[in-house]
Amino acid sequence: MNAMVGIRDEVNFPPQCFNGLPADLCCFSLFFREMLISVALGQVLSLLICGIGLTSKYLSEDFHANTPVFQSFLNYILLFLVYTTTLAVRQGEENLLAILRRRWWKYMILGLIDLEANYLVVKAYQYTTLTSIQLLDCFVIPVVILLSWFFLLIRYKAVHFLGIVVCILGMGCMAGADVLVGRHQGAGENKLVGDLLVLGGATLYGISNVWEEYIIRTLSRVEFLGMIGLFGAFFSGIQLAIMEHKELLKVPWDWQIGLLYVGFSACMFGLYSFMPVVIKKTSATSVNLSLLTADLYSLFCGLFLFHYKFSGLYLLSFFTILIGLVLYSSTSTYVAQDPRVYKQFRNPSGPVVDLPATAQVEPSVTYTSLGQETEEEPHVRVA
């Protein structure tokens with residue numbers, strides 16, 4: 001059997017792809033298509049974040065509605081109504097009560113982490129500059145890489161690190177363009193406090209994203225979103241009552257403000273609902289690299305809505321980030337050992353299958369959009 005037939009069997013390429021086309025050309029076509037899908041899915045998330053940023057800007061600057069906790073509360077309520085109620089009507093082990101009995105405290109911690117990650121980054125805008133927030137928010141990327149390495153056992157190749165460096169260089173180019181055109185930099189009243197808030201928020205975002213990836217791979221997307229909606233709504237409601245009830249009373253309610261809150265909530269709900277789909281197809285690291293373009297989409301919209309000054313460095317930054325994303329997506333990561341030895345989020349039960357007594361195994365289990373990638377190491381089949 002030739003090598004290409006073996007690759008087709010391993011990766012499960014459709015047989016018709018090899019009819020009438022050279023095998024190498026078909027493999028490249030599938031590879032290129034999957035890579036483009038990976039990059040495009042990440043850009044959908046960036047556009048949703050752009051919508052979140054624009055609605056937040058209008059609320060805070062035009063209507064003086066500084067209500068980040070209330071805005072998060074609306075999103076968690078939507079998640080609760082859609083996904084938590086879905087869990088409540090399910091039967092068996094996937095029922096809401098069954099999940100709460102087994103791992104309620106884990107989701108309680110995750111809900112707190114997710115809520116405070118959102119709050120810290122939004123709060124940082126009151127203290128530090130926009131440029132600092134853009135640069136320091138990139139700290140989420142090394143956090144996700146380290147946590148994925150140690151807890152998900154994901155291993156990266158040199159091209160992945162090259163893609164990450166190129167993406168971060170693109171962000172640095174954007175920050176430099178902001179300085180050159182004199183774009184509004186934020187309050188900057190207590191820069192150190194603001195910078196620490198951004199770093200804290202980025203760290204919590206990284207923890208939340210890696211935990212999310214683990215849950216949707218070992219459990220389910222609906223369970224993750226349902227439990228986040230439950231505990232997020234609970235804790236954000238408490239925080240809203242304690243810290244933000246006075247700000248909420250100051251909001252000059254009218255149909256425009258209501259429409260902005262609806263737009264914000266719709267984008268936020270779409271982001272939370274769609275992100276697990278993209279993470280499962282790619283990875284938490286790939287998603288966070290894709291989100292680096294969100295600030296650029298907001299900027300391009302601001303050229304028309306807020307009359308921002310334009311610089312060619314913005315386009316250079318955008319295409320630099322996209323090149324980094326393509327580099328990162330051009331090959332697949334792999335798992336350091338057999339996935340059966342993972343410490344499960346749930347208590348695993350089932351037969352233990354003995355591995356053959358051979359050299360150390362690194363199976364071809366991949367977590368990027370390109371599907372399974374054939375490695376030189378022996379393959380481990382899990383029944």
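Is Gln239 buried or exposed? Gln239 is buried, with a relative accessible area of 8%. The model is a predicted one, and the values below are computed from it.

**Gln239 and its surroundings**

Gln239 is located in helix H9, a helix that covers residues 221-250. Neighbours within four places in sequence are set aside here; the residues in contact with Gln239 are then Val69, Leu115, Glu116, Tyr119 and Glu244. Helix H9 returns below, where Glu223, Lys250 and Glu247 are described.

**Salt bridges**

Side chains of opposite charge can pair when their charged atoms come close. In the whole structure, seven salt bridges are found.

| Salt bridge | Closest N and O atoms |
|---|---|
| Arg103 and Glu223 | 2.9 Å |
| Glu34 and Lys281 | 3.2 Å |
| Lys250 and Glu247 | 3.9 Å |

Arg103 forms a salt bridge with Glu223. This pair links distant parts of the chain, as Arg103 belongs to helix H4 (residues 96-124) and Glu223 to helix H9, 120 residues apart. Arg103 has a relative accessibility of 4% and counts as buried. Glu223, at 6% relative accessibility, counts as buried too.

Glu34 lies in helix H2 (residues 23-62) and Lys281 in helix H10 (residues 255-281), so the pair ties together parts that are 247 residues apart in sequence. Where do the two side chains stand in terms of accessibility? Glu34 has a relative accessible area of 19%, and because buried means under 20%, Glu34 is buried. Lys281 is partly exposed, at a relative accessible area of 32%.

Lys250 counts as exposed at 58% relative accessibility, whereas Glu247 is partly exposed with a relative accessible area of 29%.

**Aromatic rings**

A pair of aromatic rings is described by the distance of the centres and the angle of the planes. The count of aromatic pairs comes to ten. In one of them, the ring centres of Phe70 and Tyr261 are 5.3 Å apart and the planes stand at 80°, so the pair is edge-to-face. Phe70 is in helix H3 (residues 68-89) and Tyr261 in helix H10; the two are 191 residues apart, and the pair links distant parts of the chain. Phe70 and Tyr261 are both buried.

Phe234 and Phe235 form another edge-to-face aromatic pair, with 5.1 Å from centre to centre and 75° between the planes. Of these two, Phe235 counts as buried at 16% relative accessibility. One aromatic cluster is formed by Tyr297, Phe300, Phe318 and Phe319.

A charge and a ring also come together in this model: the charged end of Arg155 sits over the ring of Trp149, 4.1 Å from the ring centre.

Methods
Residues are numbered from 1 along each chain as its sequence is written. This is a predicted model: local features need pLDDT of at least 70, side-chain atom pairs count only at pLDDT 80 or more; totals for chains, interfaces and linings use all residues. Side-chain values use heavy atoms; hydrogens and water are left out. A salt bridge is a side-chain nitrogen of Lys or Arg within 4 Å of a carboxyl oxygen of Asp or Glu. Helices (H or I, at least four residues) and strands (E, at least two) are DSSP runs, numbered from the N terminus. Buried means under 20% relative accessible area, exposed over 50%, partly exposed in between (1.4 Å probe, protein chains only). Contact means heavy atoms within 4.5 Å. Rings of Phe, Tyr and Trp (its six-membered ring) pair if their centres lie within 6.5 Å; planes under 30 degrees apart count as stacked, over 60 as edge-to-face and the rest as tilted. A charge sits over a ring if NZ of Lys or CZ of Arg is within 6 Å of the ring centre and within 35 degrees of the ring normal.
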